[in-house]
Amino acid sequence: TVKEDIWESKWLGLRYQAPENATMLTEKELDEIMALGEEVLFEDLDRLELEYAKIPTVYEMMCMGEDGVTTIILTVEQLPISADAETYFTSFKEQLKETSSMTYRVIGDDSLALIGDREFQVLQCLVSYNGIEISQDYYVTIVEDRVVNLVVTYKEETAIDEMLKGFTACN
């Protein structure tokens, strides 16, 4: 649930308070982004990959820093099969290699992070697009039959550190 500058999920046990000068997207804006994301997928995937792309994904929350680059996006996606975070990561890294519109370079895939009371496996990447390079980290955890993705995009590490401080556990 998104209310002004606060997002909360009792199911996930997480709450997020956007920092001052950051913008939390409304649920309507998140719905519009989901529709746009599907269009981008269809441009870049073959028929088999399109079937996998139909797996229901819900954009739970998105917060943008004042620099326009620093963002946190939390999505929840239904797993097609029973999998752990490691299996999901292996598949996800292969998908990144196949992306033609951007170049992804994995710089770290062996760390864990505690967000709220929940442990996430972390995949750190550098992404190149039209001559611009940014950092994009993927925090992944499995809850029941869903994969929770926290995608963190930034140029300056200090900016994203401030944004990540907004997460706390909720009961």
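Let's start with the aromatic rings: ring pairs join Tyr88, Phe92 and Tyr138 into a cluster. Keep in mind as you look around that this is a predicted model. In total, the structure holds three aromatic pairs.

One of these pairs brings together Tyr16 and Phe167: the ring centres lie 4.5 Å apart and the planes meet at 50 degrees, so the pair is tilted. This pair links distant parts of the chain, with Tyr16 in strand E3 (residues 14-17) and Phe167 in strand E11, 151 residues apart. Tyr16 is buried, with a relative accessible area of 0%, and Phe167 counts as buried at 8%.

Now go back to the cluster. The rings of Phe92 and Tyr138 have their centres 4.8 Å apart and their planes at 65 degrees; because an angle over 60 degrees counts as edge-to-face, the pair gets that label. Phe92 sits in helix H3 (residues 85-98) and Tyr138 in strand E9 (residues 132-143), so this pair too links distant parts of the chain, 46 residues apart. Phe92 is buried at 14% relative accessibility, and Tyr138 is buried at 6%.

Strand E11 also leads us to a sheet. Four strands form an open sheet in the order E1-E2-E3-E11, with antiparallel pairing. Its edge strands are E1 (2-3) and E11 (167-169), each pairing on one side only. E1 pairs with strand E2 (residues 6-9) in the antiparallel sense over two bridges, and Val2 stands opposite Trp7 in E2.

Finally, visit Thr75 in strand E6 (residues 71-78). Thr75 counts as buried at 9% relative accessibility, and its contacts include Tyr59, Glu60 and Asn149.

Methods: Residues are numbered from 1 along each chain as its sequence is written. This is a predicted model: local features need pLDDT of at least 70, side-chain atom pairs count only at pLDDT 80 or more; totals for chains, interfaces and linings use all residues. Side-chain values use heavy atoms; hydrogens and water are left out. Buried means under 20% relative accessible area, exposed over 50%, partly exposed in between (1.4 Å probe, protein chains only). Contact means heavy atoms within 4.5 Å. Two strands pair if DSSP finds at least two bridges between them. Rings of Phe, Tyr and Trp (its six-membered ring) pair if their centres lie within 6.5 Å; planes under 30 degrees apart count as stacked, over 60 as edge-to-face and the rest as tilted. Lists of a residue's contacts leave out its neighbours within four places in sequence.
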